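Colleague: I have a model open and would like to talk it through. Can we start with the whole thing and then go to single residues?

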Amino acid sequence: MAWEYMVREFNVEDTDKILLVEDFLNEAGRDGWELVSVATTPTAQFTHLVYLKRSTAISERLDLPPRHR
């Protein structure tokens, strides 16, 4: 099975911004993305790197273009 990956960075300085991360994850999940890992930097801004993956077969079934950088 082939996978495609997405990494997003979130700077969460207060708890209100956690809801933005939650909204992002829910929307990504509806598009077939699965949360793989979260890494948090030990800084004052608590930067979170969110790692997601989905099967390339899902993007083909949903008729979504593959993400290219």
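Colleague: What does the accessible surface of the protein come to, and what share of it belongs to carbon and sulfur atoms?

Modeller: The accessible surface is about 5200 Å², and carbon and sulfur atoms hold 54% of it. Such areas come from the Shrake-Rupley method with a 1.4 Å probe, and for residues only the protein chains shown count as cover. Note that this is a predicted model: local features need pLDDT of at least 70 and side-chain atom pairs count only at pLDDT 80 or more, while totals for chains, interfaces and linings use all residues. Residues are numbered from 1 along each chain as its sequence is written, and side-chain values use heavy atoms, with hydrogens and water left out.

Colleague: How many helices and strands are there, and in what pattern?

Modeller: There are 2 helices and 3 strands, and along the sequence they follow β-α-β-β-α. Both are DSSP runs numbered from the N terminus: helices are H or I with at least four residues, strands are E with at least two.

Colleague: What percentage of the residues count as buried?

Modeller: Of the 69 residues, 22% are buried. Buried means under 20% relative accessible area, exposed over 50%, and partly exposed in between, using a 1.4 Å probe and protein chains only.

Colleague: Which residues make up the largest nonpolar core?

Modeller: That core has 9 residues: M6, F10, V12, V21, F24, A28, W33, V50 and L52. At least two residues each come from β1 (3-11), α1 (16-30) and β3. The largest share, 3 residues, is from α1. A nonpolar core here is a set of buried Ala, Val, Leu, Ile, Met, Phe, Trp, Tyr and Cys residues joined through side-chain atoms within 4.5 Å. In soluble globular proteins, nonpolar side chains tend to be buried together.

Colleague: How many aromatic pairs does the count come to?

Modeller: The count comes to 1 aromatic pair. F10 and F24 form a tilted pair, with 5.3 Å centre to centre and 55° between the planes. F10 is in strand β1 and F24 in helix α1, 14 residues apart, and the pair links distant parts of the chain. F10 and F24 are both buried. For the rule, rings of Phe, Tyr and Trp (its six-membered ring) pair if their centres lie within 6.5 Å; planes under 30 degrees apart are stacked, over 60 edge-to-face, and the rest tilted.

Colleague: New topic. In what sense do β2 and β3 pair?

Modeller: Strand β2 (residues 34-40) and strand β3 (residues 47-55) pair in the antiparallel sense over 6 bridges. Two strands pair if DSSP finds at least two bridges between them. β2 and β3 form a hairpin with 6 residues between them, and F46 in the turn has a positive phi of about 50°.

Colleague: Which residue in β3 is the bridge partner of S37?

Modeller: The bridge partner of S37 is Y51. S37 lies in strand β2 and is partly exposed at 34% relative accessibility. Leaving out residues up to four places away in sequence, S37 touches L49, V50 and Y51, where contact means heavy atoms within 4.5 Å.

Colleague: And R54, buried or exposed?

Modeller: R54, in strand β3, is buried, with a relative accessible area of 3%.

Colleague: What does the side chain of R54 make a polar contact with?

Modeller: The R54 side chain makes a polar contact with the side chain of E4 at 2.7 Å. A polar atom of the R54 side chain also lies 2.7 Å from the backbone oxygen of D31. A polar contact is a pair of N or O atoms within 3.5 Å; within protein, one must be able to donate a hydrogen and the other to accept it, and residues adjacent in sequence count only if both atoms are side-chain atoms.
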